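Biologist: I have this model open and want a quick tour. Can you take my questions as they come?

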Amino acid sequence: MILDAARTAASQLFSAEFRSVFFKTLGLTLLALVALWFGIREIFDWLAMPWIDALLPGLPAWTGWLGLIAAIIAGIGLALGLALLIAPVTAIVAGLFLDDVAEVVEKTNYPQERPGQPVPALRAMVLAIKFFGIVILGNLLALLLMFIPVVNIGAFFLVNGYLLGREFFEFAAMRFRSEEDAKDLRRRNAGTVFMAGLVIAAFLAVPILNLLTPLFAAAMMVHLHKSVSAAERRPAMARP
């Protein structure tokens, strides 16, 4: 079920049907990452440079290049930590475009079934902001464990596997269910949703490709929700 959902979602990423939402999702993801890069650079200049000036007063004029060097180092650090930044960016992008992705998947793969209803815009943004905050906190925890061998890798996958799996599945389910019903469905299938989240976390860990994480995760969880819902209906239909 999980591998089928992941394989189908991956095969659709570059399809003609996905072209519009592909460019919107990729563009917003890149824009958010650029904003984060400049934000980190400004924070570094604000916090670090006064300390450098205080510790090394009276440096010659050429040391003004320290700011540029610091910006380059910050940029390299940002590139190396792209997966940690993609996770919270994914939260915001998902809130804006998940319904667009879901609509394409439903029309393409499930044309005979009842289409889902978009989550109200205000509620979707509230959930996205909440998701953003949780993912930030979770990845800060993973960042603190970065320098502990083995543990750092495990923390990254466990944190993002759980959070991304939970939130994307509930987002997909809420197109057909109330928020409480979506949470109940996710709890009843917690193991499946977590394993699917680990697949998303693995996708997230691949440089460059991880820019498409919001698109892949949303499409995958739409397919998974369809499969889980069908599996739950079968026993009920089998009962006399």
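Biologist: What should I know before reading numbers off it?
Modeller: It is a predicted model: local features need pLDDT of at least 70, side-chain atom pairs count only at pLDDT 80 or more, and totals for chains, interfaces and linings use all residues. Residues are numbered from 1 along each chain as its sequence is written, and side-chain values use heavy atoms, with hydrogens and water left out.

Biologist: How many helices and strands in the protein?
Modeller: 9 helices and 0 strands, counted as DSSP runs (helices H or I, at least four residues; strands E, at least two) numbered from the N terminus.

Biologist: How much of the protein is buried?
Modeller: 44% of the 240 residues; buried is under 20% relative accessible area, exposed over 50%, partly exposed in between (1.4 Å probe, protein chains only).

Biologist: Which residues does UniProt list as "transmembrane region"?
Modeller: The unreviewed entry lists 21-40, 65-98, 119-137, 143-165 and 193-217. Such annotations may be inferred rather than shown by experiment.

Biologist: How far apart are the end C-alpha atoms of 119-137?
Modeller: 25 Å, and that span is 89% helix. For residues 193-217 the figures are 12 Å and 68% helix.

Biologist: Switching topic, why does I136 count as partly exposed?
Modeller: Because its relative accessibility is 31%. I136 sits in helix α5, residues 121-144.
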